[in-house]
Amino acid sequence: MPQQIAPLTDTERWVVQQSVNERYGREVEIQNVDTEIRLHIDDRELTLCPGFYWNEHGCHFVLSKTGDSRYRSMFFYRIRDRFATGREEYDDIGDCVTTLLKMQADEEVRRLAESEVSGHS
């Protein structure tokens, strides 16, 4: 039977909300969501995990709680165009969200530079 993951706390929400608001310079709507995750590579069943979702600049963000002080995150532009942070799991939600936002900011800069190059061709 899949394990039960405790809901995200008000403190966890505050940390994520503050980080996201700081990144975009304004209040961003963050939704509570449920995500289904394979907690271990050999798990046959998915585990329902609480998470946060927001969408900004055409990019979708998902941060999931996978256990006590355990978090995973990703961002994507299209479902087949997903990006992770290069780290499977974090034990600090602040590190998880700031790394996620930094990775997406870097990807946004890369995409902008790429479109400028192709636009000038």
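Mentor: Let's start with Tyr 77. Keep in mind that this is a predicted model. Tyr 77 has a relative accessible area of 16%, and the cut-off for buried is under 20%, so Tyr 77 counts as buried. Phe 75 is buried too.

Now look at how those two rings meet. A pair of aromatic rings is described by the distance of the centres and the angle of the planes. For Phe 75 and Tyr 77, the centres are 6.2 Å apart and the planes stand at 90°, so you'd call this pair edge-to-face. Tyr 77 also pairs with Phe 83, again edge-to-face, with 6.1 Å from centre to centre and 85° between the planes. Phe 83 itself has 21% relative accessibility, so it goes down as partly exposed; the buried class needs a value under 20%.

Then there's a charged neighbour. Arg 111 lies over the face of Tyr 77, at 3.7 Å from the ring centre. So around Tyr 77 you can pick out Phe 75, Phe 83 and Arg 111.

The structure holds five aromatic pairs, and ring pairs link Tyr 77 with Phe 75, Phe 83, Trp 54 and Phe 61 in a cluster.

Trp 54 and Phe 61 are among the residues with the most contacts inside the largest nonpolar core, along with Val 16, Val 20, Leu 63, Val 97 and Leu 101. That core has 20 residues. At least two residues each come from α1 (10-24), β2 (47-56), β3, β4 and α2 (93-119), and α2 gives the most, with five. As background, nonpolar side chains tend to be buried together in soluble globular proteins.

Strands β1 (31-37), β3 (59-67), β4 (70-76) and β5 (82-83) each supply at least two residues of the lining. β4 gives the most here, with four residues. By class, the pocket lining has eight nonpolar, four polar and six charged residues.

How values were computed
Residues are numbered from 1 along each chain as its sequence is written. This is a predicted model: local features need pLDDT of at least 70, side-chain atom pairs count only at pLDDT 80 or more; totals for chains, interfaces and linings use all residues. Side-chain values use heavy atoms; hydrogens and water are left out. Ala, Val, Leu, Ile, Met, Phe, Trp, Tyr, Cys and Pro count as nonpolar, Asp, Glu, Lys and Arg as charged, and the others, Gly among them, as polar. Rings of Phe, Tyr and Trp (its six-membered ring) pair if their centres lie within 6.5 Å; planes under 30 degrees apart count as stacked, over 60 as edge-to-face and the rest as tilted. Buried means under 20% relative accessible area, exposed over 50%, partly exposed in between (1.4 Å probe, protein chains only). A charge sits over a ring if NZ of Lys or CZ of Arg is within 6 Å of the ring centre and within 35 degrees of the ring normal. A nonpolar core is a set of buried Ala, Val, Leu, Ile, Met, Phe, Trp, Tyr and Cys residues joined through side-chain atoms within 4.5 Å.
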